[in-house]
Amino acid sequence: MTEQRNPYASAVSDYLSRVDNFAIIESTLREGEQFANAFFDTAKKIEIAKALDEFGVEYLELTSPAASEQSRDDCKAICQLGLKAKILTHVRCHMDDARLAVDTGVDGLDVVIGTSSFLRKFSHGKDMDYITQQATEVVNYIKSTGLEVRFSSEDSFRSDLVDLLNIYRTVDKLGVNRVGIADTVGCANPRQVYELVRTLRGVVSCDIECHFHNDTGCAIANAYAALEAGATHIDTSVLGIGERNGITPLGGLCARMYVVGREYIMGKYKLEMLRDIENLVAEAVDIQVPFNNYITGYCAFTHKAGIHAKAILNNPSTYEILKPEDFGMTRYVSIGHRLTGWNAVKNRVQQLGLELSDEQVKHVTAQIKLLADIRPQSLENVDTLLRTFHEKAKHPNSDGFPQLVETQ
Ligand code: HCA
Ligand code: CU
């Protein structure tokens with residue numbers, strides 16, 4: 001059989017696409033700290049930073065040292081860990097904040113300022129001339145220290161396009177490493193993201209970072225569209241935690257990008273660590289991992305309907321785009337319910353080391369369905385039923401089958 005091309009990989013004509021060449025800026029320790037339930041102490045921040053570093057994210061973004069004394073000390077402590085990931089801190093476009101940040105030992109600064117009319121009017125109250133002048137001063141200063149610098153506009157999708165492109169062009173000429181686009185309010189859709197990033201790609205020569213909030217469920221799709229249009233860096237947080245309902249989740253982005261380029265993602269990140277990292281963060285912020293979470297949700301690899309179960313048992317790729325073993329997870333075929341099918345039951349019979357003919361398996365499957373119509377059956381119940389059936393099969397009744405359930 002000839003090797004098939006991955007139909008989900010980017011097409012040759014997608015010359016802008018960076019889906020197979022991008023970096024993650026992991027912001028659990030910045031955006032994630034803005035999640036309602038997040039109150040990380042120093043030890044917890046260090047534990048999370050180390051875990052994410054081992055996982056392989058390229059950058060860690062930390063809360064501004066200007067936020068509080070403790071934030072500044074924590075930032076310094078994480079810088080001293082000697083991690084492989086580059087350490088960034090996130091600061092307002094202000095000289096005082098930039099100076100504080102430079103003194104912590106970070107590798108770079110993510111600078112941000114609101115550019116939408118809403119923020120210009122109701123938040124900082126400054127016009128674009130002021131923003132440009134401020135940006136120039138702050139960027140020049142950070143550049144003079146030799147640190148990495150990114151300049152981002154907050155609420156980019158509700159900012160005037162001409163204003164945006166002008167300010168990005170200005171900071172690009174000053175030599176920033178990256179410009180950033182932020183969907184602060186989660187209003188953007190993938191098409192709008194693609195168009196804005198593609199336009200920006202034609203205007204600046206530096207890298208492009210993107211940050212997407214998930215208010216309308218587009219955060220992963222938007223990140224993907226941004227990469228297709230040439231963005232180079234994506235912000236994530238573990239389980240997506242952040243302001244309101246958060247941003248692009250690390251695990252969800254990994255799932256999406258794995259489908260496009262399994263080898264690339266598996267070569268970069270220790271995917272089997274995802275579950276532990278999510279549990280660590282979930283526990284720290286006192287939440288449960290959602291049942292339908294990407295990869296690690298409790299039913300992410302559970303197959304139920306008889307038709308699915310049969311095909312999965314023949315070849316998992318029929319109904320699985322992600323291989324559970326690549327993420328240290330296992331597949332589960334659920335059989336104790338009315339939608340079950342005899343192929344799945346036969347598989348369980350074999351796992352239990354019982355010997356039954358196909359006719360017998362079909363018969364016991366019918367009995368499972370009868371019971372399951374009354375109430376769902378746990379795997380323990382089903383196993384007991386199968387064992388009892390197997391035992392009784394040695395002494396069948398008149399129709400040749402053991403009877404476990406009254407069939408009227
Ligand atoms: C916020 C700021 C930010 C910044 C994103 C960025 C946003 O509102 O707290 O620096 O790119 O969503 O705009 O998180
Ligand atoms: Cu944000």
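This is a predicted model: local features need pLDDT of at least 70, side-chain atom pairs count only at pLDDT 80 or more; totals for chains, interfaces and linings use all residues.
Residues are numbered from 1 along each chain as its sequence is written, and chains are lettered from A and ligands numbered from 1 in the order in which they are written.

**The whole chain**

Let's begin with the big picture. The chain holds 15 helices and ten strands; helices (H or I, at least four residues) and strands (E, at least two) are DSSP runs, numbered from the N terminus. Along the principal axes, the C-alpha atoms fill a box of roughly 95 × 50 × 40 Å. Of the 408 residues, 42% count as buried. A residue is buried if 20 or more other C-beta atoms lie within 10 Å of its own, exposed if 12 or fewer, and partly exposed in between, with C-beta atoms placed from the backbone. Among contacts between residues at least 6 apart in sequence, 71% join residues at least 24 apart; a contact requires C-beta atoms, placed from the backbone, that lie within 7 Å.

**The barrel**

Eight strands close into a barrel in the order β1-β2-β3-β4-β5-β6-β7-β8, and the pairing is parallel. Two strands pair if DSSP finds at least two bridges between them. On average, neighbouring strands of this sheet are turned by 25° against each other, direction ignored. Axes here are lines fitted to C-alpha atoms, for helices over the stretch in contact, and angles run from 0 to 180 degrees between N-to-C directions.

| Strand pair | Bridges | Facing residues |
|---|---|---|
| β1 (residues 23-26) and β2 | two, parallel | Glu26 and Leu60 |
| β2 and β3 (residues 86-92) | four, parallel | Leu62 and Thr89 |
| β6 (residues 178-183) and β7 (residues 207-212) | six, parallel | Ala182 and His211 |

Strand β2 (residues 59-62) is covered on both faces: Tyr59 and Glu61 are buried on one side, and Leu60 and Leu62 are buried on the other. In a regular strand the side chains alternate between the two faces of the sheet.

How does the chain get from β1 to β2? The path goes through helix α1 (residues 42-55), and this β-α-β crossover is right-handed. That term applies if, with the strands pointing away from the viewer, the path from the first strand over the helix to the second runs clockwise. Between β2 and β3 (residues 86-92), the chain crosses through helix α2 (residues 69-79), again with a right-handed β-α-β crossover.

Nine of the ten residues of α8 are buried, among them Ala219, Ile220, Tyr224 and Leu227. These buried residues pack against β6, α7 (190-201), β7, β8 and α9 (250-260). After α8 comes Gly230, whose phi is positive, near 110°.

On the α13 side the contact is made by Trp342, Val345, Lys346 and Val349, and on the α14 side by Val361, Lys362, Val364, Thr365 and Ile368. By class, this contact has six nonpolar, one polar and two charged residues. Ala, Val, Leu, Ile, Met, Phe, Trp, Tyr, Cys and Pro count as nonpolar, Asp, Glu, Lys and Arg as charged, and the others, Gly among them, as polar.

**Two residues to look up**

Is Ser116 buried or exposed? Ser116 is buried, with 21 other C-beta atoms within 10 Å. Ser116 sits in the loop between β4 (108-114) and α4 (117-122). Not counting residues up to four places away in sequence, Ser116 touches Asp155, Arg158 and Ser159. Ser116 and Asp163 are 47 residues apart in sequence and 9.3 Å apart in space, C-alpha to C-alpha.

Arg275 belongs to helix α11 (residues 274-284) and counts as partly exposed, with 17 C-beta neighbours inside 10 Å. Leaving aside neighbours within four places in sequence, Arg275 is in contact with Thr296 and Gly328.

Terms used:
Two residues are in contact if their C-beta atoms, placed from the backbone, lie within 7 Å.
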